[in-house]
Amino acid sequence: MATLASLLTRASAPGRPLQDTGRQIVSELAPRPLSDDVTLLLARTRVIARDDCATWRLEADPAVVADART
């Protein structure tokens with residue numbers, strides 16, 4: 001997992017097609033044909049503005065669940 005995280009950090013760049021990023025990562029993780037399929041799913045997320053986010057700190061108590069949902 002550490003190797004994958006390192007490859008993702010080095011291979012991903014804003015605006016670079018995910019298909020190119022995926023090919024690079026898979027080729028570095030599996031440089032020769034494997035006996036089974038390899039699948040890597042990549043997705044980009046949108047950045048959410050700080051004003052559109054909310055954070056609540058809740059106690060580790062199941063009793064607060066109902067209040068949090070409300």
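Student: Arg-10, buried or exposed?
Tutor: Arg-10 is exposed, with a relative accessible area of 56%. Exposed means over 50% relative accessible area, buried means under 20%, and partly exposed is in between (1.4 Å probe, protein chains only).

Student: What kind of model is this?
Tutor: This is a predicted model, in which local features need pLDDT of at least 70, side-chain atom pairs count only at pLDDT 80 or more, and totals for chains, interfaces and linings use all residues. Residues are numbered from 1 along each chain as its sequence is written, and side-chain values use heavy atoms, with hydrogens and water left out.

Student: What is the mean pLDDT of the protein chain?
Tutor: The chain has a mean pLDDT of 85, and 100% of its residues reach 70 or more. pLDDT is the predictor's confidence in each residue, from 0 to 100.

Student: What does the pair tie together?
Tutor: Arg-10 lies in helix α1 and Glu-28 in helix α2, so the pair ties together parts that are 18 residues apart in sequence. Glu-28 is partly exposed, at 38% relative accessibility.

Student: How many salt bridges are there in the whole structure?
Tutor: A search of the whole structure finds 1.

Student: At what angle do α1 and α2 pack?
Tutor: Helix α1 (residues 2-11) and helix α2 (residues 18-29) pack at about 140°, with their axes 10 Å apart. The axes are lines fitted to C-alpha atoms over the stretch in contact, and angles run from 0 to 180 degrees between N-to-C directions.

Student: Which residues make that contact?
Tutor: From α1, Thr-3, Leu-4, Leu-7, Leu-8, Arg-10 and Ala-11; from α2, Thr-21, Gln-24, Ile-25, Glu-28 and Leu-29. Contact means heavy atoms within 4.5 Å.

Student: Take Leu-29. Which residues does it touch?
Tutor: Leu-29 touches Thr-3, Leu-4 and Leu-7, not counting residues up to four places away in sequence. The C-alpha atoms of Leu-29 and Leu-7 are separated by 8.6 Å, and the two are 22 residues apart along the chain. Leu-29 is partly exposed, at 44% relative accessibility.

Student: What about Thr-21, buried or exposed?
Tutor: Thr-21 counts as buried, at 2% relative accessibility. Leaving aside neighbours within four places in sequence, Thr-21 is in contact with Ala-11, Ser-12, Arg-16 and Leu-42.

Student: New topic: where is Val-38?
Tutor: Val-38 is in the loop between α2 and α3. Its relative accessible area is 46%, so Val-38 is partly exposed. Val-38 and Val-26 are 7.8 Å apart in space, C-alpha to C-alpha, and 12 residues apart in sequence.

Conventions
Helix = DSSP H or I, 4+ residues; strand = E, 2+ residues; numbered from the N terminus. Salt bridge = Lys/Arg side-chain N within 4 Å of Asp/Glu carboxyl O.
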